[in-house]
Amino acid sequence: MIKQVLISIVFGAAVLTVGILIGHFGITKSGSSTPSWVKDVAKDVDEDFVEKFMSTVDNIQIQENLRELTKVPHMATTAGDEETVNLMLKRWQDPSTGLDQAWREEYLVHLSFPDPKNPNKVTVVSPSDTVLHTAREKEKSYTPDQDDPEVVQPYAAYSPPGHPQGKLVYANQGKPGDYQKLNETVDLRGTIAITRYGGAGRAAKAINAAPYGVIGVLVYTDPLDINDGLMSDVNETYPHSWYMPPSGVERGSFNTHYGDMRTPYLAAKDETYRIPVEDITGIPPIPIQPIGFEDAYILICALDGEAAPSVWQGAFNCTYNFGGPGFTNTSAFNNSDVRLDIFNNNVLKNSSNVMGIIRGSVEPDRYVIYGNHRDSWVHGAIDPSSGTSVMLEITRVLGQMVKQGLWRPRRSIIFGSWGAEEFGLIGSAEYTEQYFAKLSERTIAYINVDIAVFANASLRASGMPSVQNVLFKAAKQVKAAGLDTSVYDNWIQYFNRTSPAHGIIPRVGYLTGAGSDYAAFVHYLGITSMDISYIYDRSKTKARIYPAYHTAYDTFDYASKFIDPGFVSHQAVARTAGNVLIRLADSLVLPLNCSDYAESLEDYLKTAVRLYEDKLQAKGISMEPLKRAVANFRSAATHLDQVILTSDLVNETPMTIRRINDQLMLLDRAFLDPLAFPDKYAYRHVIWASSSAGKQTFPGLADAYANAELTGQPRDWDKVHYHLSVLSQAIEGAANTLVDVI
């Protein structure tokens, strides 16, 4: 018995000793250090790193990037484009300054090219078929760049081939109202119309013309719209200034939809189903061709007929007439026709996106995407290579810091060098279609820097309202190009507005159309996006865009002499966009602000009520659901802001941070409605869709109301009611994503 007791005591003591030892070493071990992942999960953006990044961004590196990118023309799918693909891959795979991984993504896409063996022609022909005038087929050479054999002839991509011939008429900008007014004076059947760029989309100038019997369209850039009226290359235009020379021609894609035309809503891979070419919509139904203003001057100043309205007049020192149709009997072209000989052909060709990534350390499944297209119409120094040169500098600096072990972002960063953008945002659209599910579920934001520098006066930014906060923070930390003030303080001098919450602040535009590669991310995926650039002083020029746009004069020589000498504006954009990128990738809580979104919705609501409420009440349609929805969104946004401001987020559980970030990340997805715009391809975001009504308010409501007022039909007022319901419920749904999770 005593023996058993002793054995029990010894055994118990041994167990106790082991327990004490385990407890001692366990406590010592756990108390001596916190697991490394805890620090990683709780880390926030490192302000010292942001400063180091900005100080490392080099304007000379950007300059040399641009010099390299513009050595040869690099239109999509050409040999020059392949050179830029290889350049991007070489830089992003560099062992010292490259990214974690880089590769190319191929898409087989539907493109349109002129026939180099049969150049497109525009001629004036007499009744006896004598050619009296031939429009210039190639732009005038001022530097060796224009003599490069790969400079594509000016043409309208996706214009059908054909040989229309008829009397000339002047149709201003080719808007629906322009053709309607012209048709009141002139029988348009069988005519050729000449139109100015601006006012209507490229393809729309021909689409609007066809119902009136017009059989062909010319388009040119009027010096009034691009050159502040200047016309002479002796001392006024390039190479003496930034203005377009008389022979300059704006090339472009003449289609209304974005993405590959033959694989709608599908990625254009080799084996993807393709719709028949004859089923393609949104392209010109009749031949169309761009020409320089030197030829437009000759044609327009010889036109017969009544004088066009004053708002149709341009910079030429003659009266712009409607056309007889045709020319005056006192001109050299009396009784002559204009003939278009268009030999464009459509082909399926492989186009490449170049993709690169820096993997995130804490949340690798959350993506911040930074994109810029790579293809140009000719050398493309400003469009798009200013943006590509900036992107290469950002990736060089960040890549080097990653390779040296000095930094790794919290979230993954994806860089996209999109192909075939100039043909309709094809590369980025196909990417979103191929990776629809993954991008929809995991993408924080998309940053677009296409044309980084239009000129060197001020920053210009557009985006969802929630990005205003991070744009301002970055802009305050960057020195303005060539000035002693910040980008923010300079920006507010050029573009500003009064905010009820913030006072006078820089104006951030809205991404309502499809002007660049943000389109598919905004309208199709509902991803919070922004577009950043430097712009010119609009008080000093009326140019609708930089004058060498899409011409053979958009070269390194042009950019370095007239757009950004010293490349300091490029540097300011790189620092600003890179700062925003780092904050989105590294901040513990995403730097997105829902209350700023609420303010924009309230502005839209105020305009809608002022413009529409009285008439809608008379039709028995109430705007109260929309008012309640916007009020509820404001309440929910304020609540989430308070949660973020009052929480000790560094000491919160990782899942709490993740929940808040997901609410911020997914906010714009809540505004998607795939049935809201059945007539607008790939537009699903009910707040930022394009609109033809020209009102600063909700686009679907504005368009439906304008159409109902025009027709007066009960079914069209029903559509107004429908869009009110779509809008109200989308905003209510978005508000519900911001409240506490059930």
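Me: Buried means under 20% relative accessible area, exposed means over 50%, and partly exposed lies in between, using a 1.4 Å probe and protein chains only. How many of the 19 residues of H10 are buried?

Reply: This is a predicted model, with residues numbered from 1 along each chain as its sequence is written. Local features need pLDDT of at least 70, side-chain atom pairs count only at pLDDT 80 or more, and totals for chains, interfaces and linings use all residues, while side-chain values use heavy atoms, with hydrogens and water left out. Helix H10 is largely enclosed by the rest of the structure, because its buried residues number 17 of the 19.

Me: What is the reach of helix H10 from its first C-alpha to its last?

Reply: Helices (H or I, at least four residues) and strands (E, at least two) are DSSP runs, numbered from the N terminus. The expected span of a helix is 1.5 Å times one less than its number of residues. H10 covers residues 385-403, and 27 Å is expected. Its reach is close to that, at 26 Å.

Me: Which residue just after H10 takes a positive phi?

Reply: The phi is about 75 degrees. The residue that takes it is Gly405.

Me: How far apart are the sulfur atoms of Cys301 and Cys318?

Reply: A disulfide is a pair of cysteine sulfur atoms within 2.5 Å. By this rule the count comes to one disulfide. Cys301 and Cys318 form a disulfide, and their sulfur atoms are apart by 2.0 Å.

Me: How many residues apart in sequence are the parts that this pair, Cys301 and Cys318, ties together?

Reply: The link is left-handed, with -75 degrees about the S-S bond. Both Cys301 and Cys318 lie in the loop between helix H9 (293-300) and strand E11 (337-341), so the number of residues apart is 17.

Me: Is Cys594 buried or exposed?

Reply: Cys301 is partly exposed at 29% relative accessibility. Cys318 is also partly exposed, at 22%. Cys594 has 1% relative accessibility, and therefore counts as buried.

Me: Which backbone oxygen does the side chain of Thr272 reach?

Reply: Thr272 lies in the loop between strand E9 (252-253) and strand E10 (288-290), and is buried at 18%. A polar contact is a pair of N or O atoms within 3.5 Å; within protein, one must be able to donate a hydrogen and the other to accept it, and residues adjacent in sequence count only if both atoms are side-chain atoms. The side chain reaches the backbone nitrogen of Lys269 at 3.0 Å. At 2.7 Å, the backbone oxygen reached is that of Ala267.

Me: What is the bridge partner of Arg460 in E19?

Reply: Five of the six residues of strand E16 (residues 458-463) are buried, so this strand is largely enclosed by the rest of the structure. E16 pairs with strand E19 (residues 529-535) in the antiparallel sense over six bridges. In E19, the partner of Arg460 is Ser533.

How values were computed: Pairing = 2+ DSSP bridges.
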